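Subject: Structure handover and notes

Dear colleague,

Here is the structure for your files. My notes on what was found in it follow below.

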Amino acid sequence: MPQHNYIERHQKENGKYQGAFQLWDKDRKKEARIPKNKSKMARTLFGLKAKLYNKKRHADNVQMKKAKKLHEEKKHEDRDPQNVPEGAVPAYLLDREGVNRSKILSNTIKQKRKEKAGKWAVPVPKVKAMTEDEMFKIMRTGMRKKKQWKRVIDKVTFVGENFTRKPPKYERFIRPMALRFKKANVTHPELKTTFFLPIVGVKKNPQNHMYTTLGVITKGTILEVNVSDLGLVTPSGKIVTTKYAQVVNEPSNDGT
């Protein structure tokens, strides 16, 4: 029998409750019991646990009320004195006289706008996945070279100033000195000018979270660079020290 995600795939294709009324009923009852269980916990807990639990519950309720309020679609009416019809108006139209109706944006549109504003508009939105063979090279150790638990990183990496190496006996991932970069060529999108700026850190590597922690720089990686020398200022007058930049080439082949 295949030991793969065949159950999840079947549920996606045919639905979770196809021909399984008992399972649906069980889940429905379980969901219905959640508020009762929560209130029971709130009644039975005491001391510090009760304080923390009630604080969390209160925060959840506030968040739920806010979401409910935003989801409600309202109509906004205000009188417009300039928009008054000439001549006699029937009695049933008197209430509507000079009313300007504007529908308030529903929460879904607001939420979409928030999400859109929060996303990065990056030059390279998608990158090709890399295998471990491309990223690492196996390093054989031991007297007879039989141990294979060490890995040498074949890609360009960033290592901070205060980095201290582990003793060679315990170091699993080796980052060669020749492939360590401290500065990057960053092009300003509006000025169309390239600056050679120091790297502060690797914010996100799209390949894997582990590569982010190791500081591996590949195509599509988001870097944090120091822009204090450029003299950028925010609208409020504060000096901008760091900004994010994306790697659009393959640094191991071309440099950054």
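In these notes a residue is called buried under 20% relative accessible area, exposed over 50%, and partly exposed in between, with a 1.4 Å probe and protein chains only. By that scale Lys-29, with a relative accessible area of 42%, is partly exposed.

The model is predicted: local features need pLDDT of at least 70, side-chain atom pairs count only at pLDDT 80 or more, and totals for chains, interfaces and linings use all residues. Residues are numbered from 1 along each chain as its sequence is written, and side-chain values use heavy atoms, with hydrogens and water left out.

Salt bridges

The search of the whole structure finds 5 salt bridges, each being a side-chain nitrogen of Lys or Arg within 4 Å of a carboxyl oxygen of Asp or Glu. Helices (H or I, at least four residues) and strands (E, at least two) are DSSP runs, numbered from the N terminus.

Asp-25 and Lys-29 are separated by about one helical turn because they are 4 residues apart in helix H2. Asp-25 counts as buried because its relative accessibility is 16%, while Arg-28, at 40%, counts as partly exposed.

Another salt bridge joins the side chains of Glu-171 and Arg-165 at 2.6 Å, N to O. Glu-171 has 7% relative accessibility and so counts as buried, whereas Arg-165 is partly exposed with a relative accessible area of 46%. Through shared partners, salt bridges join Asp-25, Arg-28 and Lys-29 into one network. As background, side chains of opposite charge can pair when their charged atoms come close.

Nonpolar patch

Tyr-17, Phe-21, Leu-23 and Trp-24 make a nonpolar surface patch of about 400 Å². Patches are made of residues with over 30% relative accessible area and no salt bridge; like charges are joined within 9 Å, and nonpolar side chains (Val, Leu, Ile, Met, Phe, Trp, Tyr) within 5 Å. The accessible areas come from the Shrake-Rupley method with a 1.4 Å probe, and for residues only the protein chains shown count as cover.

Sheet

An open sheet of 4 strands runs in the order E7-E8-E10-E11, with antiparallel pairing; two strands pair if DSSP finds at least two bridges between them. Strand E7 (183-187) and strand E11 (242-246) are at the edges, and each has a single partner strand, so one side of each lacks a neighbour in the sheet. From one strand to the next the twist averages 55°, with axes taken as lines fitted to C-alpha atoms (for helices over the stretch in contact) and angles running from 0 to 180 degrees between N-to-C directions.

E7 and E8 pair in the antiparallel sense over 5 bridges, and Ala-184 has Leu-197 in E8 as its bridge partner. Their hairpin has 6 residues between the strands, and in it Lys-192 takes a positive phi near 55°. Lys-192 is exposed, with a relative accessible area of 67%.

Further along the sheet, strand E8 (residues 194-204) and strand E10 (residues 222-226) pair in the antiparallel sense over 4 bridges. There the bridge partner of Val-202 is Leu-223 in E10.

Loops

Asn-205 is found in the loop between E8 and helix H6 (209-214). With a relative accessible area of 1%, Asn-205 is buried. Its side chain reaches the backbone nitrogen of Gln-207 at 3.0 Å. A polar contact is a pair of N or O atoms within 3.5 Å; within protein, one must be able to donate a hydrogen and the other to accept it, and residues adjacent in sequence count only if both atoms are side-chain atoms.

Lys-145 lies in the loop between strand E3 (136-141) and strand E4 (147-153). Its phi is near 60°, a positive value in a residue other than glycine. Lys-145 is partly exposed, with a relative accessible area of 49%.

Regards
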